[in-house]
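Here is a short report for a first look at this protein. Start with the picture, then read on.

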Amino acid sequence: MSALLEIENVTVSFGRRKHAITAVDNVTLHVEKGSATGIVGESGSGKSTLMRTVLGLNRPQAGSVRFRGAELGARRDLATRRAMQMVFQDPGTTLNPARTVGSTLAEMLRVHRVVPAERVDARVGELLDLVHLPAEIREARPHRLSGGQKQRVAIARALALEPELLIADEATSALDVIVQAGVLDLLAELRASTGVTLICISHDLDLVRYLCDTAVVMRHGRIVEQGPVAELFAAPSDPYTAELIAAAPTLPGSTEESVR
Ligand SMILES: Nc1ncnc2c1ncn2[C@@H]1O[C@H](COP(=O)(O)OP(=O)(O)OP(=O)(O)O)[C@@H](O)[C@H]1O
Ligand SMILES: [Mg+2]
C-alpha cells in the first residue's frame, strides 16, 4: 500500500490576531490507498476543518497536502476535484430540490464527462443499483425521499465521479439506527467493490470500529492518537482516547458485530 493522501504539518486558523482560533494545529496524517480511516474527537476538535482543507474548501496557514504524490495548491484542477468527494450529515441541504434524482446524477456524469453522452442514462441506472435504490426513484425529487434514501442518493452522486477518496462527515448521524446500519453496510460494501479509500468523521466509536481499519483521535486541533482500530480501542495509550471510549454509550450486547 502507498499513501494516497499526505497531510503534512497543516495548520488552519480562523479570525485575526487576538480573536484567532487555531482549528487545526500542525497536523500530520497519511492515508493509505484503499484504507478506511475514522476520525473521532469532541465537537470543535477540528475534524471537519481538516477534511475541508484536504478538499480545498479551507486554506491552511501552514503545511501542505499531497494527493497521489502531488502537492495540492489553492486551485485544484477538475481531475483532482473529481477524485475526492465528500458526503455530509444532511443530504437534504446538498441535493437540489428542483431536480429529480435521475437528473442530478445525469448532470454529474455529463458535466464531468464521466461516460459518453449515450451511456449517461444507463450509468444512472447502474449508480442507483450500486446504492440499492429502486429504479423508480429516478423520477423522484428529494423532498419525497426518506433520510436514508437521500443519503444513498448523495453517495451515488459522489460515486458518479468515480472518486479515489470518499470522505463521509457524520454522514449517518442524522439517521435512525436501523437506517444508519444500512448506510454503513453500503459504505463497507462499496469500499470492497470499488476499492475507494474512505475517511469517516464520526462521533460514533462503534461506527469507526465497524467500518474503519485505522482510527485517528483529534482534540483541540491536534491528533492525540492514531493506530489500528482494534489496538487503539483495546488499549488506548492517550488518556483522552480512554475517556472517549469510556464516555461512549454502549448498547446492550454491543460488539463489533452488533452495530450491523
Ligand atoms: N469558517 C469558520 N470560521 C470561524 N471558525 C471556524 C470556521 N470553521 C470552523 N471554525 C472553528 O474551528 C474549530 C473546529 O471546528 P470543526 O468544525 O472543524 O470541528 P469538528 O471537530 O468538525 O466539530 P463537530 O464534531 O461539532 O462537527 C471550532 O472552534 C470552530 O468554531
Ligand atoms: Mg464537524
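## Charge and surface

This is a predicted model. The protein chain carries 29 positive and 31 negative side chains. The centres of these two sets lie 10 Å apart.

## Overall form

The protein chain has 260 residues, and buried residues make up 48% of them. Its C-alpha atoms fill a box of roughly 55 × 50 × 40 Å along the principal axes.

How does the radius of gyration fit with a compact globule? For 260 residues, such a globule would have a value near 18 Å. The protein chain has 19 Å, so the two agree.

## Fold and annotated domain

The protein chain holds 10 helices and 10 strands. Take the contacts with a separation of 6 or more: residues 24 or more positions apart account for 66% of them.

An unreviewed UniProt entry annotates residues 5-245 as "domain: ABC transporter". Over residues 5-245, the chain is 39% helix and 26% strand. The end C-alpha atoms of this stretch are 27 Å apart.

## A look at helix α4

Helix α4 spans residues 101-111. Which of its residues are buried? They are Val101, Gly102, Thr104, Leu105, Ala106, Met108 and Leu109. The cover over these buried residues includes α5 (120-130) and α6 (147-160).

Arginine 113 follows α4. Its phi is positive, near 45°.

Terms used:
Residues numbered from 1 in each chain as written. Chains lettered and ligands numbered in written order. Predicted model: local features only at pLDDT ≥ 70, side-chain atom pairs only at ≥ 80, totals over all residues. Heavy atoms only, no water. Helix = DSSP H or I, 4+ residues; strand = E, 2+ residues; numbered from the N terminus. Rg over C-alpha atoms; globule rule 2.2 N^0.38 Å. Buried < 20%, exposed > 50% of the residue type's maximum accessible area, 1.4 Å probe, protein only. Contact = heavy atoms within 4.5 Å. Lys, Arg positive; Asp, Glu negative; His and termini not counted. Charge placed at Lys NZ, Arg CZ, Asp CG, Glu CD. UniProt positions renumbered as here; feature names shortened; annotations may be inferred.
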